[in-house]
Amino acid sequence: MKELLISLDVSAKTALYEQIYEYIREEIMGGRLSKGERLPSARLLAANLQVSRSTIDAAYAQLVSEGYLMAKRGSGYYVCDISSLYDFTENRRNRDKYGTKKPQNAVSAYSPQSRRTDSSGRERPEISFLPGQTDELWFPYNAWRKSAKEALLDLEARHSLLQAGDPKGEYSLRRAIAAYLHHARGVQCEPEQMIIGAGNEYLLQILGQIIGRRLRAAMESPAYLQAYYTFRSIGYEVEAVPMDENGMCVEAVTDVSLVYVMPSHQFPLGLVMPLKRRLELLAWAAAGEGRYIIEDDHDSEFRYKGRPIPSLQGMDREGKVIYLGTFSNSIMPSIRISYMVLPPELLAAYHEKCGFYASTVSKIQQMTVCRFIEDGCFERHLNKMRGIYKAKHDCLLQLLKKKKWVRRIYGDYAGLHVAAELNCSCTEEDIIEKAASCGLLVQGMSGCYLAGGKKPDAGPVLLLGFGNLTKEQICAGAAILEKCIET
């Protein structure tokens with residue numbers, strides 16, 4: 001076990017756990033901590049550095065999440081094999097390219113807060129555990145109204161505000177998003193590489209025209225079905241690739257030219273792809289002509305333990321990663337603004353094949369979002385919602401961990417839902433049907449497996465979304481669910 005000589009600066013703005021994380025990461029990257037080497041226990045390191053045990057736990061947890069360390073129960077923390085890792089610290093240094101300051105020029109479900117009947121008079125469920133919902137109560141309406149008003153009153157932009165805009169999306173919005181992605185997610189891109197579109201499905205259809213139809217694509221199974229259906233509508237043959245605890249099994253990817261993954265928070269399992277697996281995926285893409293990886297970074301903003309996981313695109317030096325993001329979870333589902341970052345070599349194909357398309361997002365809406373980001377409202381909203389969602393997440397997690405009928409929980413500490421594997425004799429269909437009769441909406445995992453994908457021999461798995469529920473509703477919903485499982 002090697003002693004860690006870490007010098008902490010208590011006066012720095014950087015949190016202590018981040019300073020510890022950076023030191024250990026640099027030691028591993030520089031080869032000074034080698035594969036299999038055991039690190040001091042959290043208790044011992046906390047005593048040596050005279051910091052709290054929770055500070056060390058947070059640093060170690062982040063390093064485990066990113067694949068630098070491996071935790072062995074009852075033994076401690078060990079350095080992972082990152083022998084194939086190239087140095088991407090240069091990317092971290094270059095993040096100041098856009099700066100950390102704001103640019104100067106720059107499956108829907110019933111809402112539990114809504115009426116109990118719809119327009120036809122039918123009774124709506126009281127509580128919905130369906131994933132994909134965001135909190136309506138805490139939306140910053142005043143800040144949004146102010147951003148929309150400023151966009152309309154901007155004298156310099158007013159003369160063109162009512163005209164058709166740039167097919168790629170307004171340049172000022174693309175610049176603001178690029179700056180945000182650069183410092184928050186480590187994404188390396190210029191505004192010229194970005195395309196704004198009305199939803200990920202539209203952008204995937206555009207991508208199909210850029211790189212060609214009738215291709216073979218690989219997807220994790222279980223998977224995000226909207227992407228699967230979109231690929232099938234394009235004409236792609238989709239291969240279902242199995243997963244393990246580290247995400248997609250890259251060695252199982254066969255004769256395909258496109259891989260679709262969610263490495264930072266896989267839907268629906270919520271797994272984080274560690275560093276070694278990411279490098280394997282990048283190596284696969286670099287080994288063949290015309291191979292690309294689609295990185296869907298759908299809800300990376302909401303991580304409740306440690307720092308957000310860096311993007312796969314930020315590690316790519318071969319121009320093989322196509323990055324997808326959306327404001328559906330971070331702002332609101334109805335906004336329908338998504339963005340796609342193309343590798344430079346695909347830009348010419350975009351201009352040739354799709355450059356004549358008009359933008360599918362209203363210019364006024366785009367300029368409102370641009371103001372929302374540039375004025376700092378977006379970052380403040382994320383910080384506030386991260387705390388609100390964490391409280392809901394913790395409430396649900398504490399309830400589930402006390403239940404004997406919960407065998408395992410997936411995807412905790414991130415996102416707006418968790419997956420709970422149940423220890424019961426009921427089927428998913430029975431539980432869902434019983435819950436619906438009691439006014440509770442839940443979704444099962446079995447419907448997320450792709451055609452041809454093998455389902456594990458395990459108990460029922462439910463996806464429990466908490467984004468638009470209060471703590472009281474979470475408790476009430478868990479009580480209803482328990483009744484449905486035990487009867």
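## Salt bridges and surroundings

Searching the whole structure turns up 18 salt bridges, each defined as a side-chain nitrogen of Lys or Arg within 4 Å of a carboxyl oxygen of Asp or Glu. This is a predicted model, in which local features need pLDDT of at least 70 and side-chain atom pairs count only at pLDDT 80 or more, while totals for chains, interfaces and linings use all residues. Residues are numbered from 1 along each chain as its sequence is written, and side-chain values use heavy atoms, with hydrogens and water left out.

| Pair | N to O distance |
|---|---|
| Glutamate 150 and lysine 146 | 2.6 Å |
| Glutamate 201 and arginine 336 | 3.4 Å |
| Arginine 216 and glutamate 239 | 3.0 Å |

Glutamate 150 and lysine 146 share helix 5, four residues apart, or about one turn of the helix. Helices (H or I, at least four residues) and strands (E, at least two) are DSSP runs, numbered from the N terminus. Glutamate 150 is partly exposed at 23% relative accessible area, and lysine 146 is partly exposed at 45%. Here buried means under 20% relative accessible area, exposed means over 50%, and partly exposed lies in between (1.4 Å probe, protein chains only).

The salt bridge of glutamate 201 with arginine 336 links distant parts of the chain, 135 residues apart: glutamate 201 is in helix 8 (residues 200-211), and arginine 336 is in the loop between strand 11 (321-326) and strand 12 (338-341). Arginine 336 is partly exposed, at 37%.

Arginine 216 is partly exposed at 25%, whereas glutamate 239 is buried at 13%.

Four strands make up an open, antiparallel sheet in the order 13-14-17-16, where two strands pair if DSSP finds at least two bridges between them. Strand 13 (406-410) and strand 16 (443-444) are the edges, each pairing on one side only. Two bridges connect strand 16 with strand 17 (residues 461-465), and glutamine 443 has leucine 463 as its bridge partner in strand 17.

Finally, cysteine 475 sits in helix 15 (residues 471-486) and is partly exposed, at 36%. Leaving aside residues up to four places away in sequence, cysteine 475 touches Cys395 and Leu399, contact meaning heavy atoms within 4.5 Å.
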